[in-house]
Amino acid sequence: MKKIMFVFAAVATVAACSKNSQSFDNQNLTPEENGAPVAVEFSSNVVAAVSAKSQGGVDAWDAAQNLHIYGYKRVSGGVDYSTTPFIDNVIAVSPAEGAADNSLAVYRPGTSNMYYYDGNYTYDFFGFYMDDLAVVPSPKVDGVDVPVEITGGEDLMLAKADPETDYQKSLDSGIFTGDQSSWNVRYAYSAYAARRGVHPSLTFKHQLVRFRFYITSGSDFETTGTPENLVAKGLTVTSKYKADLCVAGNITGLRNISEETAPLSLRSFDPETKKLVPLVPYEVPDKDLSVENEANLLGESLMVFPGESSYGINLTLNQFGEDNNLALTLNISDVKTEGGAAVSQSVFTAGYSYKVYINVVGIETVELSAELEDWKDGGRVDIDSDDAPEVIE
């Protein structure tokens with residue numbers, strides 16, 4: 001049996017972190033108007049939700065993701081998230097990739113009736129995506145928690161509509177019809193704001209670290225009469241996996257993370273069923289074989305909780321009919337830019353994707369390195385919703 005060495009490289013992908021919820025000290029109202037009621041619209045105008053499925057890392061919406069939406073009326077002293085929300089964990093289907101209009105409508109459950117802004121009140125809007133994990137909300141005074149136990153195949157995402165960003169977006173696009181000199185950022189989001197071209201948008205941000213694994217070769221695997229093909233047949237990353245995900249609140253994101261760890265298994269994506277399945281074994285090619293178009297990708301991807309400086313990896317290889325388990329460690333210090341410079345990260349960070357290369361050369365030495373690439377956001381959902389709210393200071 002030939003000796004085999006594995007050289008790992010990782011590539012980090014930037015995706016911005018989700019912003020904290022805004023909290024106002026006083027009730028926020030818009031100026032009174034007698035305009036017609038205005039519906040709150042998110043994107044794609046579909047009523048029924050698709051069946052949930054574990055899809056792995058999301059690079060773009062494709063009308064196959066269930067998005068959960070919350071909306072809260074602002075009141076004096078800030079939002080009490082333990083009260084009944086205006087929009088209460090309502091599911092909307094994601095926009096199709098490349099669609100000209102990515103807004104989707106959020107309907108009252110079991111009906112074709114949309115939500116309408118109430119009088120001259122203002123609102124905060126949140127969204128989240130949890131793949132096929134069970135969603136059991138637990139309202140608190142400062143936010144809504146959803147307990148999560150990841151398996152490594154789920155891409156958790158959060159979104160919070162930002163009034164300043166959407167006001168600027170309305171100005172930049174030329175659709176703002178209000179008086180800039182008298183505009184108050186707290187008018188968004190309301191019927192008054194919507195009538196003037198300021199609508200809430202939800203930009204979903206990844207909450208986990210993503211690893212993608214690639215197999216390259218520095219060895220010859222010539223037939224010598226005894227099968228010596230080397231096959232990668234299993235890979236796990238040891239990570240914490242239990243926490244609460246605050247999906248709407250003063251500070252959203254993972255919290256109450258348990259110290260308990262488990263080996264999370266890399267799986268493959270079945271394009272026919274559009275589900276994750278057990279890892280499809282990958283036969284390591286000869287070093288002279290050119291592999292292109294990411295044909296050397298092992299599995300789909302594996303996502304873990306952020307905030308660690310290292311993760312333990314177990315790689316299972318098979319040669320001559322025998323399995324060989326290699327215990328490896330991937331450190332943040334192994335991550336490099338494309339130019340080979342060290343990155344500024346001290347821990348593996350949410351919203352970054354690390355592209356890990358396994359270069360088969362010999363069994364005695366394991367080397368780690370890394371560089372950067374983009375992990376695209378899952379996409380933005382526009383919430384279309386218009387009398388100026390009276391701001392009570």
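Buried means under 20% relative accessible area, exposed over 50%, and partly exposed in between (1.4 Å probe, protein chains only). Strands are DSSP runs of E, at least two residues, numbered from the N terminus.

Strand 9 pairs with strand 6 (residues 123-129) in the antiparallel sense over four bridges; pairing requires that DSSP finds at least two bridges between two strands. Phe 126 stands opposite Lys 160. Strand 10 also runs antiparallel to strand 9, joined by two bridges, and Lys 205 in strand 10 is the bridge partner of Leu 158.

## Basis of the model

This is a predicted model, in which local features need pLDDT of at least 70 and side-chain atom pairs count only at pLDDT 80 or more, while totals for chains, interfaces and linings use all residues. Residues are numbered from 1 along each chain as its sequence is written, and side-chain values use heavy atoms, with hydrogens and water left out.

## His 206

Strand 10 (residues 201-206) contains His 206, which counts as buried because its relative accessibility is 1%. The side chains of His 206 and Asp 155 form a polar contact of 3.0 Å.

Four strands form an open sheet in the order 7-8-13-14, with antiparallel pairing. Strand 7 (138-139) and strand 14 (253-255) are at the edges with a single partner strand each, so one side of each has no neighbour in the sheet. Strand 7 pairs with strand 8 (residues 143-149) over two bridges, and Ser 138 has Asp 145 as its bridge partner.

Definitions and conventions: Polar contact = N/O pair within 3.5 Å; in protein donor to acceptor, adjacent residues only side chain to side chain.
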